[in-house]
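User: I have a structure open and would like to go through parts of it. Could you help me read it?

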Amino acid sequence: MSASSRPKDDVIQIRASAEAKALFNRAAAMRGQKLSEFMLESARQNALERILDQRSFFLDDQAHARFLKLLDAPPAPSAKARARLNRKAPWQA
């Protein structure tokens with residue numbers, strides 16, 4: 001069952017300024033959606049982006065020390081990387 005076809009039995013209440021509500025109404029209308037549909041879809045998408053933006057990993061003390069050491073001493077850029085950084089952008093040529 002997709003998220004949009006599931007029964008909606010929970011209520012989420014928010015308070016907003018008249019200006020914010022007008023902005024949301026305008027955006028919802030542009031998408032052909034009801035305000036509540038637009039708000040829920042926008043909030044859901046933003047929540048997913050925030051969650052997917054987070055990366056967590058756990059290391060034991062020894063692996064953590066090695067990781068910090070690598071961060072503190074990154075490898076020198078290769079000749080190929082230096083050449084890319086030093087070339088002119090196509091619009092500058």
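User: What does the side chain of Q33 make a polar contact with?
Analyst: The partner is the side chain of E41, at 2.8 Å. A polar contact is a pair of N or O atoms within 3.5 Å; within protein, one must be able to donate a hydrogen and the other to accept it, and residues adjacent in sequence count only if both atoms are side-chain atoms. This is a predicted model, in which local features need pLDDT of at least 70 and side-chain atom pairs pLDDT 80 or more, while totals for chains, interfaces and linings use all residues. Residues are numbered from 1 along each chain as its sequence is written, and side-chain values use heavy atoms, without hydrogens and water.

User: Is Q33 buried or exposed?
Analyst: Q33 is buried, with a relative accessible area of 19%. Buried means under 20%, exposed over 50%, and partly exposed in between (1.4 Å probe, protein chains only).

User: And which residues is Q33 in contact with?
Analyst: Leaving aside neighbours within four places in sequence, they are A28, F38 and E41; contact means heavy atoms within 4.5 Å.

User: Changing topic: is A79 buried or exposed?
Analyst: A79 is exposed, as its relative accessible area is 53%.

User: How far is A79 from A16?
Analyst: Their C-alpha atoms are separated by 55 Å, and the two residues are 63 apart along the chain.
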